[in-house]
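Let's take a friendly walk through a structure, one topic at a time. Keep the 3D view open as you read.

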Amino acid sequence: MTSEGMRDPKHYQLGKTQFDPDLIKEVEARGGKNAQMCYQCGTCTAGCPMTQRSGLRVRTVMRKANLGMREVLDDPDLWLCTTCYTCSDRCPRRIIATDAIIALRNIATQEHKVPMSMIKIMGSIAKTGHGVPNSEGNMKKRVLLGLPENPPTTHTYPEYIKDINKILEVTGLLKIKEEMEAESQ
Amino acid sequence: MDEEKRIGVFVCHCGTNIAGVIDVKALAEYAKTLPNVAYAEDYTYVCSTPGQTMIRDAIKEHNLNGTVVAACSPRLHEPTFRKATEEGGVNQFLFSMANIREQNTWVHMEEPEKAMQKAKDVVRMEVARASMLEPLTAKTVPVEKAALVIGAGIAGIQASLELADAGIKTYLVEKEPSIGGMMSRLDKTFPTLDCSQCILTPKMVDVERNPNIELMTYSEVEDVSGYIGNFDVTIRQKSRYVYEDKCNGCGKCQEVCPVSRPNEFDLGLQPRKAAYVPFPQAVPLKFTIDMDSCIKCDLCKTQEACGDLEAIDFDKPDELVTVKVGTIIVATGFDMYDVERKEEWGYKVFDNVVTGLEMERLISASGPTGGNVIRPSDGQKPKSVGFVLCAGSRDQDEEDGAKPYCSRVCCMYSLKHAHQLIEKIPGCVPYLFYMDIRSFGKAYEEFYYRIQNEGGKFIRGRVSRITEDPITKNLTVTAEDTLLGQLLEMELDMVVLANAVVPAESTQKIKTLLTLSNSPDGFLLEAHPKLNPMSTTTDGVFLAGMCQGPRDIPDVVSHAAAAAAAASIPIHRGSVTLEPIFAIVDQEHCGGCATCIGLCPYGATELNEVDGKLVASVNEAKCKGCGTCGSGCPSGAIKMQHFTNEQIMSEIEAFAQGW
């Protein structure tokens, strides 16, 4: 076989299926320890509180990431993990699947594949320091319980919001947010 | 050295292993430039017949009196080239090996230039060493015509029977009151479904009857000293508080004994008395009194019980017995993984979660329920039973004490349990939660088909959690059917955890006594994983069965027979050759300070009075040639043969000359 006839090992196309073998390496490098060790037992999915409530299937995410199916980055269910780490606690391969999901989210964010609902939450964090800011109803309940209206966070100390914005800026999130908002217009 | 040194250097290509990285011809040419080198040559495989002939012929043709082979690790082929050197008419200890494969071309294949430099260094050093080597004579010692087998499960039983049939006096030591081990607890055995008792008990009886086997049950190895051919073994025969020669196994003591406690043999599923045999088919059928629970009511000694036999004596002490053997076989078996540590499965919390071995006793005709499988919470027959495979196997969670390896028996015994449940309880459906079914043995895959055909259900997914209904005691098993990608929450009557096989706790003591090692999995380390799985690195000590790693009964029996064959070789040969690589003490210079006595890890050094003066000496057979004593000796009176200070210094000097 001539060299022209060989497939590029980096991004090989097998018929209609395309795999990227570097995806899982990136997931591992970003903290998804041992992700390549997954043997697809499904302990993660069966223990996951979101399995019954959403389309998130941790085992399937791990499978797609391992094969290098980049479509996993477009999966909106990726964003429904509550990061409770039950999957990681029970994994017989000592894979921290939660961290692998966080790594995939980070890659997706950089590729502008983060859902717009998350961008909205990002905007809320930039504005108030909270993904879910305090509400009027919540304030009333707090007072009834003998608590101050606002918790001791940026709600009480708004001067720290600018520092949170600094984090968003340094990590490049603000830029991604602006670019994505511009794209969606 | 009076005689002029004429050394031959032989550089091996090892196919492309070495020649693919460095220039072997240039290395041979380089060797010719070294002092004392009279001849140098390279060849594709020096270990082959033509290669060895080349060494022999070169010795004669070029009148060589020392050889160096630059090739693989001495662990692999030092014996080969020593032999070739000896056949050429030169003392085999005038050969030295330069490792340019394992420690060079294999690890430095990305840096061929540096690898070449290193190969030159190593060859130069070995040539220097070969110039300093002294001829030595191997010693032979006689071998005691007896063997010791530690552990009397199926492995120890098989090994003992083989040894005894080969005419060798065999001491079989078992720590429990009866022989039989784990296999005696099993009901039927996969895949043929012959009952364990039917195939094991006849062997147990054979052991008791064989005139060449001296059976020591309820006994433990206390101490081992000596070396291959001449081991002195001290065995503690724990007191049964019953004279074995007087006890006729009538069981009257057991009938009158008022004490009740869980029977270890049945994993506590039924009680036993303080005067007991672990199971009715025990060998020897001699009663034991468990002094930890005996209340000394003396009922067992009355006329209605033991009476005139007078077999019971509460003051009977332990006895220490010393035997001399030529070889030892370790057959100490395994333990089961403490699956309680996997909290998500609720073992010992939920009544109806049992282990595979407990299921074995529940299903066994000789078990506490007479083979009627019932669930522990209410005694009802279970109609749906879940099996959790790989319960603690193939699991990297060290915090839970789980094991990364495959236990090799759980798939098959769970399939067998599934078959037995279908057979015994009409309408019962077994659900096997698996990741892979490993049915690798002869007729195993066929057995898997059979269970599928009988209606066993296979769910590819690992159980994440088990919960219990506090009223019905039914269990809800949560798992993903990974083939459907669907979450399952199944209410089952009972769950069996097919827990992992783990190294036996009791093996630790034996390991220390015999200076054995273990592999990273915790099982005892064999001499070679493929070509010598029944030997150890301690000469004269062999391994049989599960103590070396998980295996099923056919493999245990084969392994045990192999160990017996290996252990009988030195005995039948009658003598063994010992490497002359041991330390010798120059008693004129020895100050008797005893530093070496404390340093020797093998107990080979001793202090004796010679001509009114305390001096050290080394037991040549016990010495392993580690050299610790020599490096510690303050007066430099200890010489390590074949690794003398001069020889080692010559290597260091030769190394320094290249830089």
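Of the 659 residues of chain B, 45% count as buried, where buried takes 20 or more other C-beta atoms within 10 Å of a residue's own, exposed takes 12 or fewer, partly exposed is in between, and C-beta atoms are placed from the backbone. This is a predicted model, in which local features need pLDDT of at least 70 and side-chain atom pairs count only at pLDDT 80 or more, while totals for chains, interfaces and linings use all residues. Residues are numbered from 1 along each chain as its sequence is written, and chains are lettered from A and ligands numbered from 1 in the order in which they are written.

**Chain B as a whole**

- Chain B has 16 helices and 34 strands; these are DSSP runs numbered from the N terminus, with helices being H or I of at least four residues and strands E of at least two.
- Along the principal axes, the C-alpha atoms of chain B fill a box of roughly 90 × 70 × 40 Å.
- Among contacts in chain B with a separation of 6 or more, 71% join residues 24 or more positions apart; two residues are in contact if their C-beta atoms, placed from the backbone, lie within 7 Å.
- Chain B is assigned domain 1 (7-138), domain 2 (146-238 + 318-333 + 504-574), domain 3 (252-309), domain 4 (337-502) and domain 5 (583-640), with bounds that come from an automatic or database domain assignment.
- The C-alpha centres of domain 1 and domain 5 of chain B are 34 Å apart.

**Two helix pairs in chain B**

- Helix α10 (residues 410-424) and helix α11 (residues 444-454) of chain B pack at about 35°, with axes 10 Å apart; axes are lines fitted to C-alpha atoms, for helices over the stretch in contact, and angles run from 0 to 180 degrees between N-to-C directions.
- α10(B) passes α11(B) in a left-handed crossing, meaning that the near helix is turned anticlockwise from the far one by less than a right angle, whereas clockwise would be right-handed.
- Residues that meet here include B:Leu415 and B:Ile422 in α10(B), and B:Phe447 and B:Ile451 in α11(B).
- The residues of this contact divide into eight nonpolar, one polar and one charged; Ala, Val, Leu, Ile, Met, Phe, Trp, Tyr, Cys and Pro count as nonpolar, Asp, Glu, Lys and Arg as charged, and the others, Gly among them, as polar.
- Helix α5 (residues 112-132) and helix α16 (residues 645-657) of chain B have axes that come within 8 Å and cross at roughly 150°.
- α5(B) passes α16(B) in a right-handed crossing.
- Five nonpolar, three polar and six charged residues make up the contact of α5(B) with α16(B).

**A proline to find in chain B**

- B:Pro634 sits in the loop between α15 (628-632) and β34 (638-640) of chain B.
- B:Pro634 counts as exposed because it has 9 other C-beta atoms within 10 Å.
- Leaving aside neighbours within four places in sequence, B:Pro634 is in contact with B:Cys593 and B:Thr595.

- Chain A is divided into domain 1 (3-110) and domain 2 (116-184), with 29 Å between their C-alpha centres.
- Helix α9 (residues 173-184) of chain A is hardly covered, with one buried residue among its 12.
- 17 residues of chain A are in contact with 17 residues of chain B.
- On the side of chain A that touches chain B, the largest share, four residues, comes from α2(A).
- That side of chain A divides into four nonpolar, eight polar and five charged residues.

Key: The expected span of a helix is 1.5 Å times one less than its number of residues.
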